[in-house]
Amino acid sequence: MRGLSHRLHRFDVKHMPYVLIAPFFILFAIFGLFPLIFNGVVALRTWRLDDPAQDGWAGLANFERLLTDEDFGNALYNTFGIFVLSTVPQLLLALCVAFLLNRRLRGQTWFRVSMLLPYITPLTASTLVFLVVFGRDTGVANWVLSVVGVDAIDWRAGKLQSWVAIATMVNWKWIGYNALLYLSAMQTIPRDIYEASALDGATAWKQLWRITVPMILPVVIFTVVLSTIGGLQLFTEPMLLDSNPASASGGSNGEWQTIAQLIYKVGWKNLNLGYAAAMSWALFLIIVVVAVVNTVLTNRLGGGKR
Amino acid sequence: MSTTTDTRVANPPGADPGEAAPRRKVKPSMSGRAPQDTPAGKWTYLLLGLTFLLSIYPIYWMFVIATSTDAALAEIPPKFLPGGEFMKNLDEVFSLQDVYFAESLVNSLIVSTVVTVSVLFFCSVAGFAFAKLRFRGSRILMVMVVLTLTVPNQLGIVALYILMGYLPGEGGWNGSLLAVIVPGLVSAFGVFYMRQFILGAVPDELIESGRVDGATTMRIYWSIVLPAVRPALAVLGLLTFVGSWNDFQWPLITLGGTDYPTSMVALFDLASGNYVLYRRVLAGAFVATVPLIILLFVGGRQIVRGIMEGAVKS
């Protein structure tokens, strides 16, 4: 009996840790890692959903096709346009809101929680609301414009206006969330730094740009990376802005079709999974490059070293 | 909420050093104060109030249309007060044959609940192992967990779909709730988050004394670790539930066009087709939103805390 309990004890100490982490690694290996690698294989094949028999080696044909694919070029252009229109105002406004929240407030918790209303609202639901808000004839957006004397805009008729509509949805959803991230970093800044700078006569505005922003730079970079990853993968908003969402075409002439949407269309509407996989790889590469560039840029602009 | 004592005891990774240090006395002169000690002025409240109105308006507008007739959409200026047609609109949504709205709510509830419970369990045991147990390779394995956090999940979506087709069962897992549930059962963020929290919340001596008393690893997890990490479980659980409920792209790909949509996919179906009526669409959207608004109302504090702690950690 002693031998058995001794052995059990040894097992418990030596092997139990692996048992505890095993579920994560096993499930991740199957449903996370394997698809990533397998995706590379699929991209090199002519994998069709409607006709599995056609499956065969394609070499780099899918990637070559990408280079001259006008739809892909158009989707890339749209994705970047929407990305810029949504990320830059989003993070700047989030900074402003965080600045407002970073005061001694009555009802502080209440204000913070209320900032998360857009974040918690299902993206499909909020996008459907904005679909109505951006209606051409009777939408709220056009009504607001008419109050300030601007002519009604057909939000789905061109690139710029549809991008603005989508960027508005993205900004609405993420400003409060990012503001909380900034706020939490702002509150870790030691108080004496402010006190010392106040003695030197710095105004609140100067303090914001000379102390607050540089001190929260790591979190700013984190949000830049997060919004790059999210912004370049936009799917739900462009899908549901369409009057016929199931078409996945992003407007009658692909005015606002994003890459993620095109991947869905190529893979599950045109049933060409091999080509869709190649596009996924291209998208991944683009995300990595943009994330790195943005990180470096933000670091420079924010006054960080290197 | 007694934040000070909470953070003292638990000392989660995001604990605010400014809070932990004895609070400075606020100086009488305005100029010397840090922003967070400066009382907010009128303008701050006004602008925050405006931000709040902009945040809630689309949700409120959703409710206005959901409770109105078709004519409401054509009103200029836009209708401001809700109407009395909510039940009628909702009834129409529920009786649409090819949308399966009622079933979709049940499906979403099943998916989100199973995923949340599973993430809480698997991530807390793994986080416990990484934070408090010694084993070979723990460091490198933890680095792998962190690396997986950075990979955009869309990259593998085509291959995941093909993989699902080969799994056991008639026609594979595509089109069944399993395809949405199983990949979500664990999360790298969850492991990372629980590890960070357990590192600070559970003193090593407590675990040692458990060992001396002859407690097994699982016993220690159950009676020492679990009670200490309840706050973190609440945060992770809420974030996971919300994320799972709102997930759209993968459920659309694997469940789209079947009789078993999640509520997000059912909303998509509701907005597609030739007879789209927005009072119906938004009535459905409102119903799918309400559970999360309730969650925010009940657990908003925890959600805010989770998001803010996550920021400082990274």
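Predicted model: local features only at pLDDT ≥ 70, side-chain atom pairs only at ≥ 80, totals over all residues.
**Notebook: where chain A meets chain B**

I started with A:Asp12. Setting aside neighbours within four places in sequence, I found A:Asp12 in contact with A:Pro17, and also with B:Arg211, B:Thr216 and B:Thr217.

Is A:Asp12 buried or exposed? Its relative accessibility is 10%. Buried means under 20%, so A:Asp12 counts as buried.

Then I turned to the whole contact between the two chains. Chain A puts in 93 residues and chain B puts in 111 residues. I also wanted a size for it. The size of an interface is often given as the accessible area lost when the parts come together. For chain A and chain B, the buried area comes to about 9200 Å², and carbon and sulfur atoms give 76% of that.

How many salt bridges are there between chain A and chain B? I got 2. I looked up A:Arg191, which pairs with B:Asp37 in a salt bridge, and the closest N and O atoms are 2.7 Å apart.

Which part of chain A gives the largest share of the side that touches chain B? That is helix H2, residues 16–43, with 18 residues. Last, I sorted the residues on that side of chain A by kind: 69 are nonpolar, 15 are polar and 9 are charged.

Conventions
Residues numbered from 1 in each chain as written. Chains lettered and ligands numbered in written order. Heavy atoms only, no water. Contact = heavy atoms within 4.5 Å. Buried area = accessible area lost by both parts, 1.4 Å probe. Salt bridge = Lys/Arg side-chain N within 4 Å of Asp/Glu carboxyl O. Helix = DSSP H or I, 4+ residues; strand = E, 2+ residues; numbered from the N terminus. Nonpolar A, V, L, I, M, F, W, Y, C, P; charged D, E, K, R; others polar. Buried < 20%, exposed > 50% of the residue type's maximum accessible area, 1.4 Å probe, protein only.
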